[in-house]
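Biologist: Please show me the model. Then let me ask about its parts one by one.

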Amino acid sequence: MGKKRSIKHVNYEENLSVPPGFQSLTALTLKRMVAVREFQPGLIGAPLSDSDIHKFKTSFVRKPWICHDQFDNVPQKCDSEQSDVDMKDPVTSSLPKGVVRGCANCHDCVKVTARWHPEESRLPVLDDAPVFRPTEEEFKDALKYIANIRSRAENYGICRIVPPSSWEPPCRLLEDKSTWEASKFSTCVQKIDGLQSLYLKRKQSRLHEKREAKMQIVAACEIESAVERVADSEEVKSIGLTSEFEYGPEFTLKSFKKYADDFKMQYFREDGELNDADQDQGEPLIARIEGEYWRIIENPSEEIEVLYGTNLGSGTLKSGFPVTAKNIAIYDKYVDSGWNLNNIPKVFGSLLPFGCYNTSDISVPQLFVGMCFASQCWRDEDHHLYSLSYLHLGNPKVWYGIPGRYYFKFVEVVKKLFPQLLKNPKLLPELVRQLSPSMLKSEGIPVYRCVQNPLEFVVIFPGAYHSEFSCGFNCSESVRFAPFDWLPHGQNIVELYAGYCLKTSISHDKLLLGAATEAVSAIWEFFATKKDSSNYQLWRSVIGKNGILTRVFKSRVENEGIKRKHLCSVPSSNTSVNLFDFDSKRECSICLFDLHLSAVGCSCSPNRYTCLRHAKQLCSCAWFAKSFFFRHELTELNLLVEALEGSLEAIHSWAKTKKLQPDFIIGSRISSDSPFELNVTPSNKSLTPIPVQDVVILLSDDEEVQS
């Protein structure tokens, strides 16, 4: 079979030739070290700590030319996560602390060792946003005045409104002694030198909510949706993102003002003395603070840590505006004013109440308490709504605005700066970074500057990215609202949200249907009573074939019709009975799109629905097993479109279908028990699915199916 060969020892090191280019140029002799010495910390050759060993092993994993099978137990990080290390400024990790907060005796004191560097100022060269000074007459109607200046201000993304000299609303935060001295609020810690790093704004926004409800934090965690947990655990971790914010101590307004004033005084001292420019609250001081602010962000020399309180509308402080009358004429004037931020989201002409559910707080004013350098980084408003901000008291705020037409270009710049985000585009709307206005201008994005003083308003227009920082202690308040010209922006953004699988704060379809129904009701009232009311004049201006409400609603109905025609061409049968009501908001389990108009369900997945677009992804069941839920028949929606366009026959048919009474006077505000809120009556707000032509149509119990 073959001869058995003996194996002899071969010295491979002597027999193998050295590859070209690898010859040693220096004689090298290895000797065994016999002497043993004690290792001292810091010496080369000293024993490694566990963290050092972990870093050492991990470094081998990233070297493909090294066989690292023995390091299989080392957790591997993806390239995108490693890139997070690169995107943070390596200098900031070793900066000396410039601010020491608290001491052994108290938490509300501060010691500032850092000093400002006026010679290194990074003051950006920017054009100013427009400033408007309305007369007493013009100032009476807030929405009307903002609509009048929109054509001149929207191209800047932001503008400032200086009220007439008679505007002096009492600040509840100051007048109520118990609020000023006793009501505590939670704060967040913000490291200004690290604001160029990315972080998740949704985590920042939840800090105050969890702090205010710390006794119920366990229950809150249980209620949190599984979808958000998956996003946080997989997508966020895949690029190594965390919140750059942490909890701070609790303060009263009085104690926080002392803390903020001490910080500012210590930071801007020169050789132990307060600079003369700091005695003045005018523009020179603001320019110096602004230049120093951007120096800290772009070229930090110390860690600068500040505190602030944000989104305090539902906390102990609530609103700074008076909310109840005290039988004093001055109070009555401001309690009912449209410029009172508690009123503007729901005043006559605002559409936001139509799209809000009982659980929504998007129309609740939010209070912000800041100190010098405290910032709110670049962001856009939810649903691209309008935003109105008012500065109650304290030092000025410096705002930066980008026109809404540059929204997508701003996103592209963020992608350019952080290429790893291309793998997770759905996270882009959730990310925040304080980008330099000078850098944005170099990318072709215009940035406008606006300085807001106490008792002044700042308007943010739809789709405009904006940021701001405080020049010292101040209290400001902001709220969102939705006039008619916002409708096209709102329709576009909900489609974008669905593409990114983002949750919506309002139901845009509910808003459109509510507004359209109210408009037709107002027209029917006019024809029935022949009374030319302000309610009729308002709705008349937005309907007709070219009216903005008609055009947006018609576009939405056409889009819905295409989806229904495509899906309902296949026979289907209803296998379950479900109830949709107006008090709860249902979303697509795939893309989180609002399901107010239509939904798809299956008996295999109770209480789980999708939009029409993702019907096939709901489950693996056969197509005929799925159920389609429609709140209105398509013929009914088209009838409403014709009524908005001005068809008298359609208006009469709609009024007859909805049983509108000629003598009914429609209020200027939307109430929760309005009989004109779609198909809902005060006595019954639930919708029962009724099988009709192999499809489920959602109708109220007292309606009949039109043949």
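Biologist: Which residue in β20 is the bridge partner of Leu 388?

Modeller: This is a predicted model: local features need pLDDT of at least 70, side-chain atom pairs count only at pLDDT 80 or more, and totals for chains, interfaces and linings use all residues. Residues are numbered from 1 along each chain as its sequence is written, and side-chain values use heavy atoms, without hydrogens and water. Strands β16 and β20 pair in the antiparallel sense over 4 bridges. In β20, the partner of Leu 388 is Val 459.

Biologist: How many bridges join β16 to β22?

Modeller: Two strands count as paired if DSSP finds at least two bridges between them. In β22, Arg 480 is the bridge partner of Ser 387, and Ser 476 stands opposite Leu 391. Strand β16 (residues 386–394) and strand β22 (residues 474–481) run antiparallel, and the bridges that join them number 8.

Biologist: In what order do the 6 strands of the open sheet stand?

Modeller: Strands of a sheet pair through backbone hydrogen bonds, either parallel or antiparallel. Here the pairing is mixed, and the order is β4-β5-β20-β16-β22-β14.

Biologist: Which strands are at its edges?

Modeller: Look for strands that pair on one side only. Those are β4 (131–132) and β14 (366–370).

Biologist: Which helix packs on that sheet?

Modeller: Contact means heavy atoms within 4.5 Å. The helix touches β4, β5 (158–161), β16, β20 (457–460) and β22, and its direction makes about 130° with that of β5. Axes are lines fitted to C-alpha atoms, for helices over the stretch in contact, and angles run from 0 to 180 degrees between N-to-C directions. The helix spans residues 142–153 and is α4.

Biologist: How many residues of β16 are buried?

Modeller: Buried means under 20% relative accessible area, exposed over 50%, and partly exposed in between (1.4 Å probe, protein chains only). Strand β16 is mostly covered: of its 9 residues, the buried ones number 8.

Biologist: Which strands stand at the edges of the open sheet of 3 strands?

Modeller: Its order is β9-β7-β13, with antiparallel pairing. Strand β7 (residues 188–191) pairs with β13 over 4 bridges. Lys 191 has Glu 305 as its bridge partner in β13. Each edge strand has a single partner, so one side is left without a neighbour in the sheet: these are β9 (246–247) and β13 (305–308).

Biologist: How many helices and strands does the protein chain have?

Modeller: Helices (H or I, at least four residues) and strands (E, at least two) are DSSP runs, numbered from the N terminus. The totals are 21 helices and 28 strands.

Biologist: What span should α10 have?

Modeller: Helix α10 covers residues 253–267, which makes 15 residues. The expected span is 1.5 Å times one less than the number of residues.

Biologist: Which residues of α14 are buried?

Modeller: Helix α14 runs over residues 407–417. Its cover includes β15 (375–379), β17 (397–402), α15 (437–442), β21 (465–470) and α16 (487–500). The buried residues are Tyr 407, Phe 410, Val 411, Val 413, Val 414 and Lys 415.

Biologist: Is Glu 560 buried or exposed?

Modeller: Glu 560 is in helix α19 (residues 548–567). Not counting residues up to four places away in sequence, Glu 560 touches Leu 597, Ser 598 and Leu 612. At a relative accessible area of 2%, Glu 560 is buried.

Biologist: Is Asn 546 buried or exposed?

Modeller: Asn 546 lies in the loop between α18 (534–540) and α19. Its C-alpha atom is 9.9 Å from that of Leu 644, 98 residues apart along the chain. With 69% relative accessibility, Asn 546 is exposed.

Biologist: How many disulfides are there by the rule?

Modeller: A disulfide is a pair of cysteine sulfur atoms within 2.5 Å. Cys 588 is buried at 1% relative accessibility, and Cys 591 is buried at 1% too. The sulfur of Cys 591 is 3.7 Å from that of Cys 588, which is too far for a bond. The count of disulfides is 0.

Biologist: What share of the residues in the protein chain is buried?

Modeller: The chain has 707 residues. The buried share is 51%.
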